[in-house]
Amino acid sequence: MKDTFVSDSIRYIGVDDTTIDLFESQYVVPNGVSYNSYVILDDQVAVMDTVDHRATEEWLGNLERELGGRTPDYLVVQHMEPDHAGSIQVLAEKYPQMKLVGNVKTFQMIRRFFTFDLTGREVVVKEGDTLSLGQHTLTFVMAPMVHWPEVMVSYESSEKVLFSADGFGKFGALSAEEEWADEARRYYINIVGKYGAQVQALLKKAAGLDIAMICPLHGPILKENLGYYLNLYDIWSSYRPETEGVFLAYASIHGNTAKGTAALKEMLEKRGVQVHMADVCRTNVAECVSRAFQYSKMVLCASSYDGGVFLPMEDFLHHLKAKTYQNRKVALVENGTWAPCAGKSMREILGTMKNVEICDKSVTICSAVKEDTLQQLEELADAVAAL
């Protein structure tokens, strides 16, 4: 179990969900996910967000244990997505004197999701407003479209804690022993990646805060080497490559395109290029999107199909477009027996993306990989290495 201790006054009350198969009904989470929630114990008590309805009962037990018979004075609602807001009504009905803290858009959404009476319970905050709990003071920072319009984060000044909503979160339960970066990247690119400009705006605000600890709504509490996490978020949200190298993605029907891709991988590695290869037919598309954003270059290898490109590759490219893939260099390999057309289709989709440079050199595999194909791939490897 990763460390969930925040401080003597700020307690972690979140829950691991290891039975969920798809996060947001689309992202594979083999190691589950955590729904993080916190409670600040001071002269007044503030609960920081709730959890998904899947975990309500366990979460309430955690909260009651930390309250020790006390009653919450406030529920701070930073994000209204159901994996964090799913237990709001249960808590509001359990503690009818508790006030709810949010911005104008927060309360618009609460009324859409829930049925309990908010009369006299709303504490509406805006940028820079504060809430004193005694020794602890929360300052609210608006973070619209990171990644919903009502999102805000909260900074507790006495202990220098940033409650960062979905920012700095990751897939994986806290009980999972895994590297932070890969699952945090996959989480960020696929969920927040479209909103890079808004994340950049939030990072600029955060730069003015003295932060000693980050408490996200998913994933571990971040306490050390915060510059590492902040730097990665700056890279991801400004659409700069994280790793100098090539993401080699292929979609092969009968295996011939796969053979050509494997040969190209060896050729690139002999030239000292770092390569990550994935079969987009069998690798979850969210993982492929994450890797495409990670690397500075990409080579797409795909079979022709029904007058276009093989559908798993087409699907991958449309996911890239949806996440605003940009500022990269791309090369193309197509395969076709009688009318190769995958290259044209891939080029057309890439042409709708911002600042994507397509290599002049491309390769057409005519059915199977032959000696002349290998020579063309060698020339492509030279061109990609030089990009």
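Me: What classes of residue make up the lining of the largest cavity?

Reply: In this predicted model, the lining of the largest cavity divides into 11 nonpolar residues, two polar and one charged. Of its 14 lining residues, L162, F168, L202, L203 and A206 are the closest to the centre. Leu, Phe and Ala all count as nonpolar, so L162, F168, L202, L203 and A206 belong to that class.

Me: What makes this space a cavity, and how much space does the largest cavity hold?

Reply: The term applies because a 1.4 Å probe fits at its points but cannot get out. The largest cavity holds about 120 Å³. A search of the whole structure finds one cavity of 30 Å³ or more. Helix α6 (residues 196–206) gives the largest share of the lining, five residues.

Me: Why is the largest pocket called a pocket, and what is its volume?

Reply: A pocket is an open set of points with protein on both sides within 12 Å along at least five of seven lines, so the term excludes a space from which the probe cannot get out. The volume of the largest pocket is about 330 Å³. Among its 19 lining residues, I253, S304, G336, T337 and W338 are the closest to the centre.

Me: What makes β11 and β15 edge strands?

Reply: The open sheet runs β11-β12-β13-β14-β15, with mixed pairing. β11 (130–132) and β15 (213–215) each have a single partner strand, so one side of each lacks a neighbour in the sheet. From one strand to the next, the twist averages 20°.

Me: How do you know that β12 and β13 pair?

Reply: Pairing requires at least two bridges, and strand β12 (residues 137–142) and strand β13 (residues 152–156) share five bridges in the antiparallel sense; they therefore qualify. T139 stands opposite Y155 in β13. The loop between β12 and β13 contains H147, which a cis peptide bond joins to V146, with omega about 10°.

Me: Why do β7 and β8 count as a pair, and in which sheet do they stand?

Reply: Strand β7 (residues 45–48) and strand β8 (residues 74–76) form three bridges in the parallel sense, and the cut-off is two, so they count as paired. The bridge partner of A46 in β8 is Y74. Both strands belong to an open sheet of six strands, ordered β1-β6-β7-β8-β9-β10, with mixed pairing. β1 (10–12) and β10 (122–124) stand at its edges, because each has a single partner strand.

Terms used. Residues numbered from 1 in each chain as written. Predicted model: local features only at pLDDT ≥ 70, side-chain atom pairs only at ≥ 80, totals over all residues. Heavy atoms only, no water. 1 Å grid on protein atoms, 1.4 Å probe; cavity = no way out; pocket = protein on both sides within 12 Å on 5 of 7 lines; lining within 4 Å. Points joined across faces, edges and corners; volume = space filled by probe spheres on them. Helix = DSSP H or I, 4+ residues; strand = E, 2+ residues; numbered from the N terminus. Axes fitted to C-alpha atoms, helices over the stretch in contact; angles between N-to-C directions.
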